[in-house]
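User: I would like to go through this structure and see what stands behind the terms. Please set each value against its cut-off.

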Amino acid sequence: MKYKWNAVGPHSLHSPFLFDLFNKAVKPARTFRLSTVEKLRKDLEANHEVIDLFDLKTKTSYRRTISSIAKTSLSKPKFSAFLYKLLELLEVEKVLETGTSLGINGLYMAGPERVKKVCTVEASPIIASIAQKQFAKLLQHKIEIKQGTIQDTIEPLLIREQPEFCFIDADHRSSAVLSCVDAIMKHTPKIKCIVVHDIYWSPDMSSVWDKITSDTRFALTIDIFQAGIIFPNMQMPKQHFTLRF
């Protein structure tokens, strides 16, 4: 696999920023956990309630248990922890997430003391409702959930919130990802970082990530396999790195 062949560790990184990124975000994510959030994750994994869902892309209805969603659709604890540590490193105050799911990543991203607000978008009303209950259980008032499609919500939210950090994890199609990235670049001139989840989800997602890494708007792009990280406003010659995660 290309990722495993190209991935490097801290000793191959000469940039102080990249060295910090590895040692203060990538490496700590291996062990750091929010125990209260992980307790919610386990509760969700044990919840066998069946819910009715609707796929907006295929226009079909289907049924799933909350347990199956928690076990197969949520990020692993290591990646959730990475988001927390990355926000700490970048000293982010405002976050926009597309694709709330059951709310676990949102809770991690609301964790750093400096973060003032996480605005998260979820298309499914029932999934949004379940996520809201998780936020309420931890009395997490930093998070605002917006129910609606990305197409209808992202531009107004970007204009209103002016996030410094965007996590794209909703529609896993190249056209949708590029639309989100373009909207972020258009409306948030002070954006520090964009994280695109599941860049190896499909050949289509891999191709859009390749396109992003060659885009001259992005001085620094980083592949950690589970996600692609974009730093649009770094003052440096254009570079791309693959980090061992």
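User: What share of the contacts in the protein with a separation of 6 or more comes from residues 24 or more positions apart?
Analyst: The share is 67%. Contact means heavy atoms within 4.5 Å. This is a predicted model: local features need pLDDT of at least 70, side-chain atom pairs count only at pLDDT 80 or more, and totals for chains, interfaces and linings use all residues. Residues are numbered from 1 along each chain as its sequence is written, and side-chain values use heavy atoms, with hydrogens and water left out.

User: Why is Thr100 called buried?
Analyst: Its relative accessible area is 2%. Buried means under 20%, exposed over 50%, partly exposed in between (1.4 Å probe, protein chains only). So Thr100 is buried. Thr100 sits in the loop between β3 (94-98) and α6 (104-109). Leaving out residues up to four places away in sequence, Thr100 touches Thr120, Val121, Glu122, Ala131, Phe135 and Ile145. Across the protein, 52% of the 245 residues count as buried.

User: Why is α2 called oblique to α5?
Analyst: Helix α2 (residues 16-26) and helix α5 (residues 77-90) pack at about 135 degrees, with axes 8 Å apart. Angles under 35 degrees count as roughly parallel, over 145 as roughly antiparallel, 65 to 115 as roughly perpendicular and the rest as oblique. The angle falls in the rest, so α2 is oblique to α5. Axes are lines fitted to C-alpha atoms, for helices over the stretch in contact, and angles run from 0 to 180 degrees between N-to-C directions.

User: What makes α9 roughly parallel to α10?
Analyst: The axes of α9 (residues 174-187) and α10 (residues 203-213) cross at roughly 30 degrees and come within 9 Å. That angle makes α9 roughly parallel to α10. The α9 side of the contact has Ser174, Val177, Leu178 and Val181. On α10 the residues are Asp204, Met205, Val208, Lys211 and Ile212.

Definitions and conventions:
Helices (H or I, at least four residues) and strands (E, at least two) are DSSP runs, numbered from the N terminus.
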